[in-house]
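Load the model in a viewer and keep the sequence panel open. The stops below are given in the order in which to select them.

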Amino acid sequence: MTRFAWIAGLALIAAAPAVAQTAAAPQTPAPAAAAGQDQAPPPLEVSVTGGVSAPMPIAIPAMPTNAVISTPAGSTDDLGRKLAEIVTNDLKNSGLFSPLQPAQLRSVIFPEVTAPAFDYWGGTGAQALVQGFIRANGDGNLTVGCYLYDVFSKIELSRQGFVVPPSDWRRAGHKCADMVYTRLTGEGPYFDSRVVYVSETGPKAKRIKRLAIMDQDGANHRFLTNGQSIVLTPRFAPNQQSIVYMSYVNDRPAIYVYDIGSGRQRLVVQNVNLTFAPRFSPDGRYILFSMATGGNTDVYRVAASGGTPQRLTNSPGIDDGGSYSPDGSKIVFESDRSGGQQLYVMNADGSNQQRISFGGGRYGTPVWSPRGDLIAFTKLGGAFRIGVMNPTGGGERLLTNAWQDEGPSWSPNGRVIIFFRSSQGGSGKADLWMVDLTGQVERKIPTPLDGSDPAWGPLRP
Amino acid sequence: MKLSTTLLAATALIAVAGCSKKRPETLPPAPMTDAAPGQVAPPATNPYGDAVVPGSDADFRRSVTSNTVNFDVDMYDIDPQARSILDSQAAWLTKFPNVRATIEGHCDERGTREYNLALGDRRANAAKNYLVARGVSPARLTTISYGKERPIAMGSDEAAYAQNRRAVTVVLN
């Protein structure tokens with residue numbers, strides 16, 4: 001993705017006409033008393049994992065443009081409004097921010113982007129302010145500037161600029177939201193990312209399943225396969241240029257790699273046996289998968305380019321699934337060797353297999369957080385629930401409580417989980433949902449049809 | 001082991017005989033369980049006097065006790081009822097030694113997707129291994145697991161789950 005260029009703060013200043021005023025803005029003295037404070041306000045910050053703090057009020061007015069110009073993505077003034085909406089929705093959906101209602105927002109003119117009307121915003125109750133601008137460049141690209149202000153302290157906290165082709169204009173909004181989220185929470189970014197999943201429709205007895213890809217907010221949705229064969233369990237390659245998944249093409253359930261650019265797919269392992277549950281290693285060199293031979297399933301790995309698989313487990317029961325730790329040194333997988341489905345961790349070469357789930361009931365679909373600190377899973381009791389535990393076991397917390405929630409996948413920053421929720425009864429419906437690590441923020445992700453088996457991709461390059 | 005193999009073969013023979021009663025020109029008649037004796041007519045095409053081709057999946061499905069065996073929760077062992085069903089399947093397959101079949105393994109919706117793929121493979125192989133023990137060449141049998149992807153009972157209740165935990169033998173024509 002060389003098309004996406006980051007601009008350092010100073011470069012943005014040179015590029016933006018509004019910049020002339022910028023130098024003065026941070027030097028504004030902080031008349032804390034004027035804001036009715038006895039002392040300087042505490043630093044503006046949001047806690048991701050601390051339970052009860054209220055969402056931070058934040059103002060995100062429409063982003064003005066220096067000149068209304070028509071682009072392939074729409075006119076720049078219209079895009080400026082929509083960019084603010086993207087930032088608003090991302091931050092609101094995180095559950096950590098409470099964006100002001102549109103009626104409370106004032107129209108911001110271009111020079112004001114770097115010289116906010118702090119007195120006005122202070123009266124709205126907003127603690128933080130996000131302003132930005134959009135400009136059409138002579139070369140056809142768009143420049144989007146994004147500025148974060150502390151309303152009480154009347155200071156700029158952060159700024160970034162992005163140059164994007166018109167087709168990627170939404171990404172500039174997600175990047176802006178990521179900047180705000182990162183600066184105010186201290187957590188890593190995750191809004192500029194995509195999800196691959198299985199789009200579903202049709203009767204429960206014969207669901208039609210297609211691979212589909214979309215932005216994490218549901219935009220830019222695209223189907224990748226036509227639904228003639230069952231497809232299951234897609235996962236992004238670390239470089240996001242391909243997707244590994246399982247397909248029943250020709251009634252031979254096996255794992256394939258789909259190249260996003262060309263639309264071509266290739267069989268990974270030439271074998272008569274059932275192969276499934278594929279995942280890339282963090283460095284992209286291997287594909288972890290499961291293979292059933294005569295009723296016995298074990299975990300294997302194979303070079304991503306193909307070749308002879310290497311067997312990693314050899315218990316007589318079902319050993320399957322699996323997920324690499326972010327550093328690639330360990331693998332968490334599921335096994336019924338104890339008599340029921342439980343979670344185990346082993347070294348990447350298959351040695352030192354240790355059970356980590358002991359909470360009663362069964363556990364499946366373990367996925368290692370990209371931060372390395374937690375493992376997400378599906379807990380099977382009467383219902384299916386999404387939970388997390390430490391990689392050594394322990395610290396178990398269940399995050400959802402519905403009839404059947406399955407198949408967690410982590411956001412790039414390891415703070416949000418996407419999963420699918422199935423409906424009880426004859427409809428066969430399932431939908432994509434997200435939940436944060438507190439379990440308090442849960443919402444349905446809009447998809448054109450039903451959805452299952454979501455996999456959240458890394459932050460886009 | 002040798003004794004049990006002989007026993008198995010004998011049982012299979014009996015089953016073959018029982019199944020072949022509809023073709024009195026080649027084998028002695030035997031009492032039917034699924035139709036009155038008077039309904040057996042000397043067939044021009046097949047024992048039913050219709051267009052179903054002997055050796056086809058349609059022929060298989062109406063000739064055997066059932067094309068489906070069921071399993072307990074998270075289990076894959078062949079219980080007595082399943083044995084009886086598979087005996088009838090083995091008999092038919094012995095009668096048509098050139099026919100190939102695939103065995104589908106299925107699960108109810110109370111397992112996770114990938115685990116159910118492995119469990120469905122177990123069930124399909126359990127049925128296959130039984131047929132092989134009954135004398136069907138393993139070269140004639142393939143397996144495929146559908147996990148929980150293809151339920152036949154749509155409810156989310158125990159009765160539906162019990163029907164969906166199954167291995168289905170399908171004759172390939």
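## Stop 1: a loop in chain A

Select A:Arg252, which sits in the loop that joins β13 and β14 of chain A. Keep in mind throughout that this is a predicted model. A:Arg252 counts as partly exposed because it has 16 C-beta neighbours inside 10 Å.

The phi of A:Asp251 is positive, about 55 degrees, although the residue is not a glycine. Is A:Asp251 buried or exposed? It is exposed, because a residue with 12 or fewer other C-beta atoms within 10 Å counts as such and A:Asp251 has 11.

## Stop 2: another loop in chain A

Go to A:Asn352, in the loop between β22 (342-347) and β23 (354-355) of chain A. A:Asn352 is not a glycine, yet its phi is positive, at about 55 degrees. With 9 other C-beta atoms within 10 Å, A:Asn352 is exposed.

## Stop 3: a helix pair in chain A

Select residues 76-93 of chain A, which form helix α2, and residues 169-185, which form helix α4. Two packed helices are described by the angle between their axes and the distance between the axes. For α2(A) and α4(A), the angle is about 45 degrees and the axes are 8 Å apart. This angle makes α2(A) oblique to α4(A). The crossing of α2(A) and α4(A) is right-handed.

To see what makes the contact, show these side chains:

- from α2(A): A:Leu79, A:Leu83, A:Ile86, A:Val87, A:Asp90 and A:Leu91;
- from α4(A): A:Trp169, A:Arg170, A:Ala172, A:Gly173, A:His174, A:Cys176, A:Ala177, A:Val180 and A:Tyr181.

Coloured by class, the contact of α2(A) with α4(A) shows 11 nonpolar, two polar and two charged residues.

α2(A) has 18 residues, and the distance from its first C-alpha to its last is 25 Å, close to the 26 Å expected at 1.5 Å a residue. Which residues of α2(A) are buried? They are A:Thr76, A:Leu79, A:Gly80, A:Leu83, A:Ala84, A:Ile86, A:Val87, A:Thr88, A:Asp90 and A:Leu91. An α-helix has 3.6 residues a turn, so residues three or four places apart point the same way. After α2(A) comes A:Gly95, with a positive phi near 80 degrees.

## Stop 4: where the chains touch

Show chains A and B together. The contact takes 30 residues from chain A and 20 residues from chain B. Several strands of chain A each supply at least two residues of the side that touches chain B, including β12 (231-236), β17 (286-293), β20 (319-324) and β28 (405-410). Which strand of chain A gives the most to this side? It is β16(A), with three residues. The residues on the side of chain A that touches chain B divide into 10 nonpolar, 14 polar and six charged.

## Stop 5: chain B as a whole

Chain B has five helices and four strands, and along the sequence they follow the pattern α-α-β-α-β-α-β-α-β. Of its 173 residues, 43% count as buried. Among contacts in chain B between residues at least 6 apart in sequence, 69% join residues at least 24 apart.

## Stop 6: a helix pair in chain B

Select residues 113-133 of chain B, helix α4. α4(B) has 21 residues and reaches 30 Å from its first C-alpha to its last, close to the 30 Å expected at 1.5 Å a residue. Because 18 of these 21 residues are buried, α4(B) is largely enclosed by the rest of the structure. Just after α4(B), B:Gly135 takes a positive phi of about 105 degrees.

The contact is made by B:Leu86, B:Gln89, B:Ala90 and B:Leu93 of α3(B) and by B:Ala127, B:Tyr130 and B:Leu131 of α4(B). By class, that contact has six nonpolar, one polar and no charged residues.

Technical notes. Residues are numbered from 1 along each chain as its sequence is written. Chains are lettered from A and ligands numbered from 1 in the order in which they are written. This is a predicted model: local features need pLDDT of at least 70, side-chain atom pairs count only at pLDDT 80 or more; totals for chains, interfaces and linings use all residues. Axes are lines fitted to C-alpha atoms, for helices over the stretch in contact, and angles run from 0 to 180 degrees between N-to-C directions. Angles under 35 degrees count as roughly parallel, over 145 as roughly antiparallel, 65 to 115 as roughly perpendicular and the rest as oblique. A crossing is left-handed if the near helix is turned anticlockwise from the far one by less than a right angle, and right-handed if clockwise. Two residues are in contact if their C-beta atoms, placed from the backbone, lie within 7 Å. Ala, Val, Leu, Ile, Met, Phe, Trp, Tyr, Cys and Pro count as nonpolar, Asp, Glu, Lys and Arg as charged, and the others, Gly among them, as polar. The expected span of a helix is 1.5 Å times one less than its number of residues. A residue is buried if 20 or more other C-beta atoms lie within 10 Å of its own, exposed if 12 or fewer, and partly exposed in between; C-beta atoms are placed from the backbone.
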